[in-house]
Amino acid sequence: MKRILVIGAKGMLGRDLMGIFQASFSHDEVVGWDIEEIDIRKEDGTVAKIEGLRPEVVIHLAAYTDVDGCESDKERAFAVNADGARHVALAASKCRAKMVYLSTDYVFGGDKGEPYSESDSPRPLNVYGHSKLKGEQYVQTGVKDFLIIRTQWLYGPFGKNFVDSILRQAKEKEALSIVDDQTGSPTYTVDLAKAISALVQLDARGIFHVANSDLCTWYTFGQAILKLSGVNQMRIIPISSKELGRPAARPSYSVLNCQKLKRETGLTMRPWSEALKDYLSARRRPLG
Ligand SMILES: NC(=O)c1ccc[n+]([C@@H]2O[C@H](COP(=O)([O-])OP(=O)(O)OC[C@H]3O[C@@H](n4cnc5c(N)ncnc54)[C@H](OP(=O)(O)O)[C@@H]3O)[C@@H](O)[C@H]2O)c1
């Protein structure tokens, strides 16, 4: 029997991942911790607490994920996303555990013009991306058996997300402006959690890109959300990132090439439009 520790278990991805891991590792012990149980900014407390549990696998999802918030609170971004990852890596190494670290497309600069593969050089444009990249580096140097999974544009039932935000605004407004100069692949947390579970079962190591397939802009994603939800009266206006004026710069094109996932594990990710249909129908069903 293995003991698997999930840190960030109450976040958007964490809640789906806990359910999927408890089902697919039913003969193992899956323990979920979040900020109430462990503050990863504190080195001694983090190491002692994880060492006390002695897990064989540590899945590290906890992060400061407010991309614009990171611009104004750089100290917190690096304390959680970089130093936090270093503390978890130190503990994982002391326990000789495998460490899985969730990272982001925002480690890339967006000027490649084609999907980024795992060997492309990172060039973050914002504080969040810099702090997550530093976290990746601590994991790579601190743990022998590591798996870094870069993903993007997450949405799911357990967090504030773009899909819900568009549908909420559709009830309140007649027109909606959506950014049309950032291209990526929206990824459903349920699909990602299943892929992480499969990668852990296969004992995959190194860096993997994992996202739903096909690409879109936030604007075309918004169009699809409204169309599939039967909202036809809403006017949506494509705008530029400059017009939106968010504090953090975002890459204009950060599609992840997931060929390595297929080549090395046989796993494929379905198109984002199919995943979105599933999310929308699950959303219509009452919880429970
Ligand atoms: N969301 C995306 O689009 C996206 C894209 C690419 C990669 N990722 C990565 O995927 C992972 C999961 O993302 P998510 O969207 O599920 O994140 P999330 O919903 O923000 O969940 C992160 C969890 O970590 C907790 N946390 C924050 N600071 C902590 C600390 N000091 N110690 C312990 N726990 C702490 C948070 O608690 P509080 O809520 O109380 O702060 C939250 O429960 C993250 O590593 C993120 O960087 C996300």
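Trainee: Is Trp153 buried or exposed?
Mentor: This is a predicted model, in which local features need pLDDT of at least 70 and side-chain atom pairs count only at pLDDT 80 or more, while totals for chains, interfaces and linings use all residues. Residues are numbered from 1 along each chain as its sequence is written, and side-chain values use heavy atoms, with hydrogens and water left out. Buried means under 20% relative accessible area, exposed over 50%, and partly exposed in between (1.4 Å probe, protein chains only). Trp153 has a relative accessible area of 8%, so Trp153 is buried.

Trainee: What is the phi of Trp153?
Mentor: Trp153 lies in the loop between strands β5 (146–151) and β6 (154–155). Helices (H or I, at least four residues) and strands (E, at least two) are DSSP runs, numbered from the N terminus. Most residues other than glycine have a negative phi. Trp153 is not a glycine, yet its phi is positive, at about 45°.

Trainee: Which residues does Ser185 touch, beyond those up to four places away in sequence?
Mentor: Ser185 sits in the loop between β8 (183–184) and β9 (187–188), and with a relative accessible area of 2% Ser185 is buried. Contact means heavy atoms within 4.5 Å. Apart from residues up to four places away, Ser185 touches Gln152, Trp153, Ala211, Asn212, Asp214, Leu215 and Val255.

Trainee: Asp214 is on that list. What is the relative accessible area of Asp214?
Mentor: Asp214 is in the loop between β10 (206–209) and β11 (216–217). Its phi is positive, near 70°, in a residue other than glycine. Asp214 counts as partly exposed, because its relative accessible area is 48%.

Trainee: Against which elements do the buried residues of α8 pack?
Mentor: Helix α8 covers residues 218–228, and its buried residues are Trp218, Tyr219, Phe221, Gly222, Ala224, Ile225 and Leu226. Just after α8, Gly230 takes a positive phi of about 75°. The buried residues of α8 pack against β6, α6 (162–172), β7 (175–179), β11, β12 (235–239) and α11.

Trainee: With which side chain does the side chain of Arg283 make a polar contact?
Mentor: Arg283 belongs to helix α11 (residues 272–284) and is partly exposed, with a relative accessible area of 39%. Leaving out residues up to four places away in sequence, Arg283 touches Asp164 and Leu167. A polar contact is a pair of N or O atoms within 3.5 Å; within protein, one must be able to donate a hydrogen and the other to accept it, and residues adjacent in sequence count only if both atoms are side-chain atoms. At 2.7 Å, the side-chain partner of Arg283 is Asp164.

Trainee: At what angle do α4 and α5 cross?
Mentor: Two packed helices are described by the angle between their axes and the distance between the axes. Axes are lines fitted to C-alpha atoms, for helices over the stretch in contact, and angles run from 0 to 180 degrees between N-to-C directions. The axes of α4 (residues 74–94) and α5 (residues 127–142) come within 8 Å and cross at roughly 15°.

Trainee: How are α4 and α5 oriented to each other?
Mentor: Angles under 35 degrees count as roughly parallel, over 145 as roughly antiparallel, 65 to 115 as roughly perpendicular and the rest as oblique. The two helices, α4 and α5, are therefore roughly parallel.

Trainee: What is the handedness of the crossing of α1 and α7?
Mentor: The axes of α1 (residues 12–24) and α7 (residues 189–201) come within 9 Å and cross at roughly 50°. That makes α1 oblique to α7. A crossing is left-handed if the near helix is turned anticlockwise from the far one by less than a right angle, and right-handed if clockwise. The crossing of α1 and α7 is right-handed.
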